[in-house]
Amino acid sequence: MDTAYPREDPWAPKPQRVDRADHTALTISVQHDPQPRDHMIWSIFSTLYLNLCCFGFLALAHSIKARDQKVAGDLEAARRLGSRAKCYNILAAMWTLVPPLLLLALVVTGALHLSKLAKGSAAFFSTKFDDDADYN
(Lines give C-alpha, C1' and ligand atoms only; values in the text may rest on other atoms or scores of the structure.)
Protein backbone atom coordinates (compact mmCIF):
# COMPACT_ATOMS: atom_id res chain seq x y z
CA MET A 1 0.00 0.00 0.00
CA ASP A 2 1.33 3.35 -1.12
CA THR A 3 0.74 6.16 1.37
CA ALA A 4 2.84 8.88 -0.26
CA TYR A 5 1.22 12.26 -0.55
CA PRO A 6 0.31 14.00 -2.78
CA ARG A 7 -0.85 11.21 -4.94
CA GLU A 8 -0.81 11.77 -8.64
CA ASP A 9 -3.59 10.66 -10.86
CA PRO A 10 -2.13 8.37 -13.50
CA TRP A 11 -4.76 9.41 -16.03
CA ALA A 12 -4.40 13.17 -15.52
CA PRO A 13 -2.90 15.03 -18.47
CA LYS A 14 0.74 15.81 -18.08
CA PRO A 15 1.70 19.49 -18.32
CA GLN A 16 3.48 20.17 -21.55
CA ARG A 17 6.49 22.31 -21.76
CA VAL A 18 5.95 25.41 -23.86
CA ASP A 19 8.77 26.80 -25.87
CA ARG A 20 8.80 30.60 -25.45
CA ALA A 21 10.27 31.15 -28.89
CA ASP A 22 7.13 29.86 -30.60
CA HIS A 23 4.71 32.32 -28.97
CA THR A 24 4.60 36.08 -29.36
CA ALA A 25 2.30 38.57 -27.71
CA LEU A 26 1.06 41.62 -29.52
CA THR A 27 -0.20 44.53 -27.48
CA ILE A 28 -2.09 47.22 -29.30
CA SER A 29 -2.98 50.28 -27.33
CA VAL A 30 -5.60 52.45 -28.89
CA GLN A 31 -5.98 55.79 -27.21
CA HIS A 32 -9.59 56.88 -27.25
CA ASP A 33 -10.44 60.52 -26.76
CA PRO A 34 -13.17 60.82 -24.19
CA GLN A 35 -16.53 61.75 -25.60
CA PRO A 36 -17.31 65.43 -25.11
CA ARG A 37 -19.88 66.13 -22.42
CA ASP A 38 -22.98 68.07 -23.35
CA HIS A 39 -24.39 68.67 -19.81
CA MET A 40 -27.94 68.10 -21.07
CA ILE A 41 -29.55 67.10 -17.74
CA TRP A 42 -28.00 70.04 -15.90
CA SER A 43 -29.20 72.37 -18.67
CA ILE A 44 -32.74 71.02 -18.47
CA PHE A 45 -32.89 71.65 -14.72
CA SER A 46 -31.38 75.12 -15.16
CA THR A 47 -34.01 75.89 -17.78
CA LEU A 48 -36.88 74.62 -15.65
CA TYR A 49 -35.82 76.82 -12.75
CA LEU A 50 -36.42 79.94 -14.93
CA ASN A 51 -33.77 82.35 -13.73
CA LEU A 52 -33.99 86.01 -14.74
CA CYS A 53 -31.34 86.21 -17.47
CA CYS A 54 -32.36 82.93 -19.15
CA PHE A 55 -28.91 81.40 -18.69
CA GLY A 56 -30.57 78.00 -18.37
CA PHE A 57 -32.20 78.36 -21.78
CA LEU A 58 -28.87 79.38 -23.33
CA ALA A 59 -27.22 76.38 -21.68
CA LEU A 60 -29.95 74.10 -23.05
CA ALA A 61 -29.51 75.49 -26.57
CA HIS A 62 -25.74 74.92 -26.44
CA SER A 63 -26.24 71.43 -24.98
CA ILE A 64 -28.52 70.48 -27.86
CA LYS A 65 -26.02 71.86 -30.37
CA ALA A 66 -23.19 69.96 -28.65
CA ARG A 67 -25.16 66.71 -28.81
CA ASP A 68 -25.92 67.28 -32.51
CA GLN A 69 -22.25 67.92 -33.27
CA LYS A 70 -21.26 64.80 -31.32
CA VAL A 71 -23.67 62.72 -33.36
CA ALA A 72 -22.38 64.31 -36.58
CA GLY A 73 -18.82 63.39 -35.62
CA ASP A 74 -17.39 66.88 -35.08
CA LEU A 75 -15.96 66.26 -31.63
CA GLU A 76 -14.06 69.55 -31.42
CA ALA A 77 -17.21 71.63 -32.02
CA ALA A 78 -19.11 69.41 -29.57
CA ARG A 79 -16.42 69.96 -26.94
CA ARG A 80 -16.50 73.73 -27.48
CA LEU A 81 -20.30 73.92 -27.30
CA GLY A 82 -20.37 71.63 -24.26
CA SER A 83 -17.90 73.94 -22.53
CA ARG A 84 -20.14 76.93 -23.26
CA ALA A 85 -23.15 75.03 -21.94
CA LYS A 86 -21.22 74.30 -18.75
CA CYS A 87 -20.35 77.99 -18.34
CA TYR A 88 -23.98 79.03 -18.83
CA ASN A 89 -25.07 76.39 -16.33
CA ILE A 90 -22.60 77.73 -13.77
CA LEU A 91 -23.85 81.28 -14.37
CA ALA A 92 -27.44 80.09 -13.99
CA ALA A 93 -26.58 78.32 -10.73
CA MET A 94 -24.81 81.39 -9.36
CA TRP A 95 -27.68 83.65 -10.45
CA THR A 96 -30.06 81.28 -8.70
CA LEU A 97 -28.10 80.80 -5.46
CA VAL A 98 -26.39 84.13 -4.73
CA PRO A 99 -29.40 86.54 -4.53
CA PRO A 100 -31.34 84.44 -2.00
CA LEU A 101 -28.19 84.04 0.09
CA LEU A 102 -27.62 87.81 0.00
CA LEU A 103 -31.23 88.41 0.96
CA LEU A 104 -30.88 85.98 3.86
CA ALA A 105 -27.73 87.77 5.02
CA LEU A 106 -29.53 91.13 4.87
CA VAL A 107 -32.48 89.80 6.86
CA VAL A 108 -30.22 88.32 9.53
CA THR A 109 -28.11 91.46 9.88
CA GLY A 110 -31.25 93.61 9.91
CA ALA A 111 -32.79 91.46 12.63
CA LEU A 112 -29.62 91.72 14.72
CA HIS A 113 -29.56 95.49 14.29
CA LEU A 114 -33.23 95.81 15.23
CA SER A 115 -32.70 93.67 18.32
CA LYS A 116 -29.94 96.02 19.48
CA LEU A 117 -32.20 99.01 18.89
CA ALA A 118 -35.02 97.34 20.77
CA LYS A 119 -32.79 96.74 23.80
CA GLY A 120 -31.88 100.43 23.89
CA SER A 121 -35.45 101.63 23.50
CA ALA A 122 -36.74 99.17 26.11
CA ALA A 123 -34.73 101.03 28.72
CA PHE A 124 -36.40 104.27 27.60
CA PHE A 125 -39.89 102.83 27.87
CA SER A 126 -39.24 101.25 31.25
CA THR A 127 -38.23 104.62 32.78
CA LYS A 128 -40.87 105.83 35.17
CA PHE A 129 -41.69 109.49 34.88
CA ASP A 130 -42.99 111.29 37.90
CA ASP A 131 -45.76 113.70 36.88
CA ASP A 132 -45.79 115.59 40.17
CA ALA A 133 -42.12 116.57 40.00
CA ASP A 134 -42.62 118.79 36.95
CA TYR A 135 -45.52 120.81 38.38
CA ASN A 136 -44.28 121.54 41.93
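Which side chain does aspartate 38 meet in a salt bridge? The partner is arginine 67, with an N to O distance of 2.6 Å. The pair ties together distant parts of the chain, since aspartate 38 sits in the segment before H1 and arginine 67 in helix H2, 29 residues apart. The model discussed here is predicted.

**Overall make-up**

The protein contains four helices and zero strands, and its elements run α-α-α-α from the N terminus on. Of its 136 residues, 17% count as buried. Among contacts between residues at least 6 apart in sequence, 65% join residues at least 24 apart.

**Salt bridges**

The structure holds two salt bridges. Besides the bridge of aspartate 38 and arginine 67, glutamate 76 forms one with arginine 79, where the closest N and O atoms are 3.6 Å apart. Both glutamate 76 and arginine 79 lie in helix H3, three residues apart, about one turn of the helix.

| Residue | Relative accessible area | Class |
|---|---|---|
| Aspartate 38 | 7% | buried |
| Arginine 67 | 37% | partly exposed |
| Glutamate 76 | 52% | exposed |
| Arginine 79 | 33% | partly exposed |

Aspartate 38 counts as buried because its 7% relative accessibility falls under the 20% cut-off. Glutamate 76, at 52%, is exposed because the limit for that class is over 50%.

In H1, the residues Met40, Ser43, Ser46 and Thr47 are buried. Viewed down the helix axis, the buried residues of H1 fall within an arc of 125°, so they line one face of the helix. Ile41, Phe45, Leu48 and Tyr49 are exposed on the other side of H1.

Just after H1, leucine 50 adopts a positive phi of about 60°. Asparagine 51 belongs to the loop between helix H1 (40–49) and helix H2 (55–72). With a relative accessibility of 10%, asparagine 51 counts as buried. A polar atom of the asparagine 51 side chain lies 3.4 Å from the backbone nitrogen of phenylalanine 55.

Leaving aside residues up to four places away in sequence, asparagine 51 touches Gly56, Ala92, Trp95 and Thr96. The C-alpha atoms of tryptophan 95 and asparagine 51 are separated by 7.0 Å, although the two residues are 44 residues apart along the chain. With the same exclusion of residues up to four places away, tryptophan 95 touches Asn51, Leu52 and Cys53. Tryptophan 95 is partly exposed, having a relative accessible area of 38%.

**Nonpolar surface patch**

Which residues make the nonpolar surface patch of about 920 Å²? They are Trp42, Ile90, Met94, Leu97, Val98, Leu101, Leu102, Leu104, Val108 and Leu112. Helix H3 (residues 75–125) gives the most to the patch, with nine residues. Valine 108, which is placed in helix H3, counts as partly exposed at 42% relative accessibility.

Definitions and conventions. Residues numbered from 1 in each chain as written. Predicted model: local features only at pLDDT ≥ 70, side-chain atom pairs only at ≥ 80, totals over all residues. Heavy atoms only, no water. Patch = residues over 30% accessible without salt bridge, like charges linked within 9 Å, V, L, I, M, F, W, Y side chains within 5 Å. Areas by Shrake-Rupley, 256 points an atom, 1.4 Å probe, with all protein chains shown as cover. Salt bridge = Lys/Arg side-chain N within 4 Å of Asp/Glu carboxyl O. Helix = DSSP H or I, 4+ residues; strand = E, 2+ residues; numbered from the N terminus. Buried < 20%, exposed > 50% of the residue type's maximum accessible area, 1.4 Å probe, protein only. Polar contact = N/O pair within 3.5 Å; in protein donor to acceptor, adjacent residues only side chain to side chain. Contact = heavy atoms within 4.5 Å. Arc of directions from axis to C-beta.
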